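Me: Please take a close look at the aromatic pairs in this model. Which rings pair, and how are they set?

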Amino acid sequence: MSAQKTPVTFGNARFTVYSPRCVRLEFSWGGKFSEGPSLLAGPKLAKSMAADVQISKKKLTIKTDQFELAYVDNGQVFSAENLTIVHKNKEGHRMVWAPGK
């Protein structure tokens with residue numbers, strides 16, 4: 001994996017990392033995304049940061065020191081079948097998140 005500036009567009013999905021614990025997920029049929037700024041909390045606009053990115057055929061992996069996102073471009077909207085994020089909770093335990101779970 002190599003550090004790459006985000007956002008990263010992969011098929012109809014776009015991912016923007018704002019911090020080691022925060023990622024914006026977007027899906028758009030046709031790959032047209034909102035170019036408006038993200039507001040996370042407070043009056044400041046969020047700024048994207050680099051993350052470790054690996055792309056192979058239909059799979060995208062994005063890693064920070066706090067999470068690993070895995071997305072498989074299967075031509076469908078985000079679901080538990082094509083997107084998971086493994087992260088550490090506040091106690092440092094491994095947690096797995098997927099849409100709808």
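Reply: The count comes to six aromatic pairs. Rings of Phe, Tyr and Trp (its six-membered ring) pair if their centres lie within 6.5 Å; planes under 30 degrees apart count as stacked, over 60 as edge-to-face and the rest as tilted. The model is predicted: local features need pLDDT of at least 70, side-chain atom pairs count only at pLDDT 80 or more, and totals for chains, interfaces and linings use all residues. Residues are numbered from 1 along each chain as its sequence is written, and side-chain values use heavy atoms, with hydrogens and water left out.

Take Phe 15 and Tyr 71. Their ring centres are 5.4 Å apart and their planes stand at 55°, so the pair is tilted. Phe 15 lies in strand S3 and Tyr 71 in strand S7 (residues 67-72), so the pair ties together parts 56 residues apart in sequence. Strands here are DSSP runs (E, at least two residues), numbered from the N terminus. Phe 15 is buried, at 0% relative accessibility. Tyr 71 is buried too, with a relative accessible area of 0%. Buried means under 20% relative accessible area, exposed over 50%, partly exposed in between (1.4 Å probe, protein chains only).

Phe 27 and Trp 29 form an edge-to-face pair. Their centres are 4.9 Å apart, with 85° between the planes. Phe 27 is partly exposed, at 22% relative accessibility. Trp 29 is exposed, at 54%.

Ring pairs also build a cluster: they link Phe 10, Phe 15, Phe 27, Trp 29, Tyr 71 and Phe 78.

Definitions and conventions:
Helix = DSSP H or I, 4+ residues; strand = E, 2+ residues; numbered from the N terminus.
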